[in-house]
Amino acid sequence: QVEGLNRMELSTELKGCYEKLLSHIVITDLTLTSHPAAATAVDELKKLAEARFGITPVVASSAELGAGIRLTVSDTSDFNPNEEALLGEEGYRLSATSIGQETGRLTVTGGSPAGLLYGTFHVIRLLLAGEDVSMLQLVERPANPLRLMNQWDNADGSIERGYAGNSIFYEQGRIHADLSRVRDYARLLASVGVNGISINNVNVHAVETTFIQRHMMPEMARIAAIFRAYAIKLYLSVNFASPVELGELRTADPLENDVRNWWAARAEELYAMLPDFGGFLVKADSEHRPGPFTYGRDHADGANMLADALAPHGGIVVWRCFVYNCTQDWRDRSTDRAKAAYDHFTPLDGRFRDNVVLQIKNGPMDFQVREPVSPLLGAMPRTNQIIEFQAAQEYTGQQRHLCYLVPQWKEALSFETYAQGEGSTVSRAVSGQLHNRPLGGIASVSNIGDDAFWTGHPLAQANLYGYGRLAWNPQLTSEEIADEWTKLTFGSSEQARTVIHQMLMSSWPIYESYTAPLGVGWMVTPHTHYGPDVDGYEYSRWGTYHFADRSGIGVNRTTANGTGYTAQYREPHRSGYESVTACPDELLLFFHHVPYEHRLHSGKTIIQHIYDTHFEGAEAAAQLLQAWTGLEGFIDSETYARVQSRHEEQAAHATHWRDVINTYFYRKSGIADERGRKIY
Ligand code: GCW
């Protein structure tokens, strides 16, 4: 509802040029529009022309001379025989000729209708941002074959770790009768290149277990049709114990023929209705979800069984690696949750089918504000892998605090695994490039709900946008993405753009500074994960400890005399993390237990670092509020008010965090703040 108010102003010249371009949409081959994604491309251009410029374009098939946007796919193109190879299926070429003149044209050539749609969205992005397109000549293709969105939506309409209202997919155990929000969502996702979506929570409860049953197929087809128009494939999270829980078999043993046939039959039925169905997403033997362990089988047995059922139809299995002991005894110092995924999965390298891809969280624990990068990424050269991010801000402020996560994701993607020497970044490992794998990519847990602003905190939309852009092109910088997003969202005011850009870029460090220090994590209220509770998880079964006592804090994960986690990294990380002096400050407490007087590279002691960052962090949170308040009148009032109230909450809550954390460590250590500030 804010469209229009925040639009970018265009010069008369630019506006004239855009209007001329949008006056005609020329499709070289009209049969193309029988393809849903190509039809959508035409439709999106029409929408833009009408909503933004008040003109109705002529849609024509002839290639006659005249200004306009020309849409084509490479196999119908006549000017470059190598185009198809160059573009791949999802790539596109944008090429401008004589723009500004009577015959000015912008040609979008897709490697397929999907590529055409992505190219069209690229053009729309440029026009909305007021970019000069007269010299445009570019080719793009996505770095990652799989660019997935994971909904953690439940059939009852709730969303696990959802911070923006209820599900747009379900209510009261059923799929929404009105799926218009789903259509809008598909549009949002396609505009940033997402090409697959799993529409139900990885914790698959009773009702969702039935989603793969025949009677649900028409409903699934309804949703798939919406996403198909945006070149997005539908995936379902499945319950590994389905054959048992649906009362059809007595076992779900992946090596039993009955079980294999049962899944093969489900796949047949699915593909009969949904020929382009993407596949299954599976959380198995994780946090009490059923899995192959029940039958003495391993993850490869489990994943391959499902993969074999899907393979004849071209489907894939996305198998999550979030596997650890969630009923650990806190007294047991030898078990280290951080080690679990690597220990479970690396021995299985080479055993997974080619249509299985392992989905690995960016860090070894669980989406904390700061974690090292998971050592499992890049560690299985004969296995497809994708990295999992969490746009939903479970541990990063729950869309009540501002936390632009793209910089965090960039750090993970640019991390050197050294799997094949230098240049073996996580980004290259997950794209499939590093080990020449047929599948790879990125997934994110979604941060949207039925909230009017989609993401609760309107600025959290930058995470959704940024996720898609980064999955398409991991080379983009956090700044570039923030810049694009602020231009497209708040284009009209330069001041708003500048301030919001700065707010986004500073937000992750600010959030980190007043919450858990130096990579230690987990000092949050159990269950909700919102707000400080330093010992909330200290004596629990989750494997999430900080071990603070009167003399020091941190987890000794060294190989010398700790849990041995550092050994999961390749050199030089292994010795870098192992050494208390070489270990980077921001991760020190993740790897080492050190005295409060230990000096960081920054020159500060641990305790002084805690005090300083918490005072500064709360101050910075207050400044975010101030910065936003200065934008009153520069952006539409509804967005303004919502963001304002979020930042009021953040500022107050950051003060609470500051005082709880500082007081806790002052009481534990008995060491006073050098600067004598108020600690309780
Ligand atoms: O972080 C934990 C969350 C759970 C989630 C789980 C997972 C879907 O607290 O809510 O369950 O991770 O990723 O499977």
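Predicted model: local features only at pLDDT ≥ 70, side-chain atom pairs only at ≥ 80, totals over all residues.
Residues are numbered from 1 along each chain as its sequence is written, and side-chain values use heavy atoms, with hydrogens and water left out. The protein chain has a mean pLDDT (the predictor's confidence in each residue, from 0 to 100) of 95, and 98% of its residues reach 70 or more. For the model, ipTM is 0.99 and pTM is 0.97.

Seen as a whole, the C-alpha trace of the protein chain spans about 80 × 65 × 50 Å along its principal axes. The radius of gyration, taken over C-alpha atoms, can be set against a globule rule of 2.2 Å times the number of residues to the power 0.38. Because a compact globule of 680 residues would have a radius of gyration near 26 Å, the 26 Å of the protein chain agrees with that rule. The protein chain has 20 helices and 18 strands, counted as DSSP runs numbered from the N terminus, with at least four residues of H or I for a helix and at least two of E for a strand.

UniProt, in an unreviewed entry, places the feature "domain: Glycosyl hydrolase family 67 catalytic" at residues 130-454, a span that is 25% helix and 15% strand.

Among the polar contacts (pairs of N or O atoms within 3.5 Å), an oxygen atom of the ligand is 2.4 Å from a side-chain N or O atom of Glu160, and a polar side-chain atom of Lys283 lies 2.6 Å from a ligand oxygen atom.

Two backbone details remain. Most residues other than glycine have a negative phi, and most peptide bonds are trans. Arg161, in the loop between strand 7 (146-150) and strand 8 (170-171), has a positive phi near 55 degrees. The peptide bond from Glu571 to Pro572 is cis, with omega near 0 degrees, and Pro572 is found in the loop between strand 17 (552-553) and helix 17 (573-578).

How values were computed:
UniProt positions renumbered as here; feature names shortened; annotations may be inferred. Polar contact = N/O pair within 3.5 Å; in protein donor to acceptor, adjacent residues only side chain to side chain.
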